[in-house]
Amino acid sequence: MAQALPAVHGQEARVGGRERLAACAGVGRMRCRVGPRGVCTAGLALATPCCSVASVVCAIVLRIYLGRLQTNMVGDPEKETLDECMRDFEGLPVSNQQYIDNHRRCIEELAALDHLHRLPRVRLTVDERICGQADLCTGGDPGRCGDKGAYGSIDYEAGDVTKCYDLISAFKAELTQRRRVALLDQVEQQCTRSDRWDGYAHEVRLRYCMWKHLQFGACINELRANCPEDTSCCPATQNHLGADSRSRRPNVYTCRKSPTVGLYCQHVNDRAPGNATGDGRGEPCSSVTCPSFDWCLDLVDVPGLCLGSVCQDYQRSLNYSVILIILACISLALDIAELVNLGVLHPAPELKTACNAFAAVFKLLGLVLCVAGGIGELVDAAIEKACFNEEGNHSATVARSGSTAFLFAICLAAVGSTCLAPLSARVGGHLTGPSYAKVQPVDA
């Protein structure tokens, strides 16, 4: 027997609830109608995650290039890169042709590395943060590697590293030959024998530092009060074996002494304008001759205590940049969850609204932290002070661009989530408006 659906307004019937969802899935002859509100919701739901992805990328770029504002300030990067490249040939004699050929290859590879071209105007000496007793010792080392208590306090007791440094210094200062021989024997037994530092976490570094202090003197402010006459305190430019004077690259750093922070290395081209010296260039920059010198020296943080305002601003910006990455990633995850929920057959409007609301909160928090954290002011100052050569100052420029792009992307994403939250609550989780069904008689 033929039956028909109840007709409303002629031959059309409004279908709600689950029948409407079935119609949207293609059941029967029903046709869905997407209204303006649904189009707006869909557009925002697609655009907002894109802005969130952009904010994550910008936050990561910001963190990377902020970190480069202290690049090549510790150790001897060229020497370390060369040693790593020559590790497989270190047992060969220097006169061996294979050693010479590979040394030349490593020097050519080293010259092509971009990060080694980012040179700061001022930096630490080569052994600072490397050979200090606190840098060489860990809690799991055998014996008493590090010092106990603070130097000068009543409970202070020197550790093995400090005792070795003192013993080597006593040997080098001794004038009596007989006494020197006895002290050298003690040095070899207690500090420089091949197995002395076996089992220590930094045994390779310990051997190097003891050798360096015995041969030239470890160049750290704990052990030195003045710059040496040789070049052992600052990074040495690496050259081909047997390179002549025309092809040899000169050293670009020289040791300087500050009355406030001690020894540091300064780029030879870091000169004050005017007052030319005998070589036609100005005097080396100082706090008196160059307004930006103190800012750059504070960024280096020679004492390692981070007491200066520039160092504290920089460390705070680094920490905030990590927080920005975390907030942007959480916001992106909420946007994806909202988008997934939008595409399911039975969307939950409460979940969609909650995802958008929380995403908006996290994005606005990231926006506030980036502005209030002073990241923009720090990178602007870094660009103005120009604490690197041209290649190094590019990092500050990219960091500034990353900060601006992050603010723009996170702001757009926050606006999108803020608009989606009430739309999700009002639309009820559906992109489609009411569906209609054409009534067709059904034959028995």
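Student: What volume does the largest pocket have?

Tutor: The largest pocket has a volume of about 1,000 Å³. Of its 27 lining residues, Asp76, Lys79, Glu80, Asp83 and Tyr208 are the closest to the centre. Keep in mind that this is a predicted model.

Student: Which helices each supply at least two residues of that lining?

Tutor: Helix 3 (77-85), helix 4 (97-111) and helix 8 (203-215) do. By domain, at least three lining residues come from domain 2 (75-118), and at least three from domain 3 (120-212).

Student: How many residues of the pocket lining are nonpolar, polar and charged?

Tutor: The lining holds 11 nonpolar, 6 polar and 10 charged residues.

Student: Now the interior. Why look for groups of nonpolar side chains?

Tutor: Because in soluble globular proteins such side chains tend to be buried together. Here, the largest nonpolar core has 43 residues. Leu66, Val122, Phe293, Trp295, Leu324 and Phe406 have the most contacts inside it.

Student: Which helices each give this core at least two residues?

Tutor: Helix 2 (36-67), helix 9 (293-300), helix 10 (309-343), helix 11 (349-372), helix 12 (375-385) and helix 13 (390-427). Helix 10 gives the most, with 8 residues.

Student: Take Val122. Which residues does Val122 touch, leaving out those up to four places away in sequence?

Tutor: Val122 touches Met73, Tyr264, Cys265, Gln266, Asp270, Phe293, Cys296, Leu297 and Val300. Of these partners, Phe293 is itself listed with Val122 among the core residues with the most contacts.

Student: How many residues are in the second, separate core?

Tutor: That core has 22 residues, including Cys131, Cys137, Leu167 and Ile168.

Definitions and conventions:
Residues are numbered from 1 along each chain as its sequence is written. This is a predicted model: local features need pLDDT of at least 70, side-chain atom pairs count only at pLDDT 80 or more; totals for chains, interfaces and linings use all residues. Side-chain values use heavy atoms; hydrogens and water are left out. On a 1 Å grid over the protein atoms alone, a cavity is a set of points where a 1.4 Å probe fits but cannot get out, and a pocket is an open set with protein on both sides within 12 Å along at least five of seven lines; lining residues have an atom within 4 Å of a point. Grid points are joined across faces, edges and corners, and a volume is the space filled by probe spheres set on the points. Helices (H or I, at least four residues) and strands (E, at least two) are DSSP runs, numbered from the N terminus. Ala, Val, Leu, Ile, Met, Phe, Trp, Tyr, Cys and Pro count as nonpolar, Asp, Glu, Lys and Arg as charged, and the others, Gly among them, as polar. Domain bounds come from an automatic or database domain assignment. A nonpolar core is a set of buried Ala, Val, Leu, Ile, Met, Phe, Trp, Tyr and Cys residues joined through side-chain atoms within 4.5 Å. Buried means under 20% relative accessible area, exposed over 50%, partly exposed in between (1.4 Å probe, protein chains only). Contact means heavy atoms within 4.5 Å.
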